[in-house]
Amino acid sequence: KETEREVKILCESEKEWLKLLQKLPMDIVYRILQYQGNWVKTARLVCRQWRSAAELHVRGVRVNGEFDSFHTEERRRNLFSFINRCKYLQSVNFRNVDDIRDDDLKSLRLCLHLKKAMFGGCIGLTDKAVRHITPLKGLTHVNLAMTGVTDAGLFMMAQNLPNLVHINLYGCDQITIRGVLNLVVRLKKLEDLNIRGTSVDFVHPRHLEQGVSVLTGPENPEGIYS
């Protein structure tokens, strides 16, 4: 039904084109659609089989809470069910989504190719959300700015996510120097750590690997989403 509603908004010529696509072998249609800028969305409208194939090519999902929200449970389920089907997803970016819950991130456990997990401004997330992403050993970027993460969450990241390169903890007012030191000492690939707007205003250079950049100091709103 959802697909039918989406198809109705297409012009008549586009609907006829989709009907023609259904008659072609899948490998040929793939070669046609890959030259279309929005080919994944178009492929999802062809048929259920094509929707499943197209979702395997989705590499990034972005939700901006300034324009969107989970105003119904159905919408929440649909979004995270979609994410769960995108097996080769590499990036998720939830920005200022106030009503995202810790347990929503359970769906990410199957995204074994995920590199970036960005949740800047998602104030409802806590250490429990961190627990859901720790199985994703390939993560290189994590943004938990303005969330309720504590030292316990930092310990989990330090112990379970050895490939982290960039961590944003801007405005996380429950973390301390103890948790920060766990990150900079254990994570050998770490290059950037943003702890602006927290109670930690200094990290002694002797604790830092060569080349590690730690941003400290007063709040700077521009630092939430990086």
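Trainee: Does M156 count as buried or exposed, and at what relative accessibility?

Mentor: Buried means under 20% relative accessible area, exposed over 50%, and partly exposed in between (1.4 Å probe, protein chains only). M156 has 15% relative accessibility, so it counts as buried. This is a predicted model: local features need pLDDT of at least 70, side-chain atom pairs count only at pLDDT 80 or more, and totals for chains, interfaces and linings use all residues. Residues are numbered from 1 along each chain as its sequence is written, and side-chain values use heavy atoms, with hydrogens and water left out.

Trainee: Where is the place of M156?

Mentor: Helices (H or I, at least four residues) and strands (E, at least two) are DSSP runs, numbered from the N terminus. M156 lies in helix α8. Seven of the 10 residues of α8 are buried, so this helix is largely enclosed by the rest of the structure.

Trainee: What covers the buried residues of α8?

Mentor: The cover includes α7 (127–133), β4 (141–143) and α9.

Trainee: Which residues is M156 in contact with, leaving aside neighbours within four places in sequence?

Mentor: Contact means heavy atoms within 4.5 Å. For M156 the partners are D127, V130, R131, T134 and L161. R131 is 25 residues from M156 in sequence, with the C-alpha atoms 7.0 Å apart.

Trainee: How many residues has the largest nonpolar core?

Mentor: A nonpolar core is a set of buried Ala, Val, Leu, Ile, Met, Phe, Trp, Tyr and Cys residues joined through side-chain atoms within 4.5 Å. The largest one has 48 residues, and M157 and F94 are among those with the most contacts inside it. Helices α7, α8 and α9 are among the elements that each supply at least two residues of this core.
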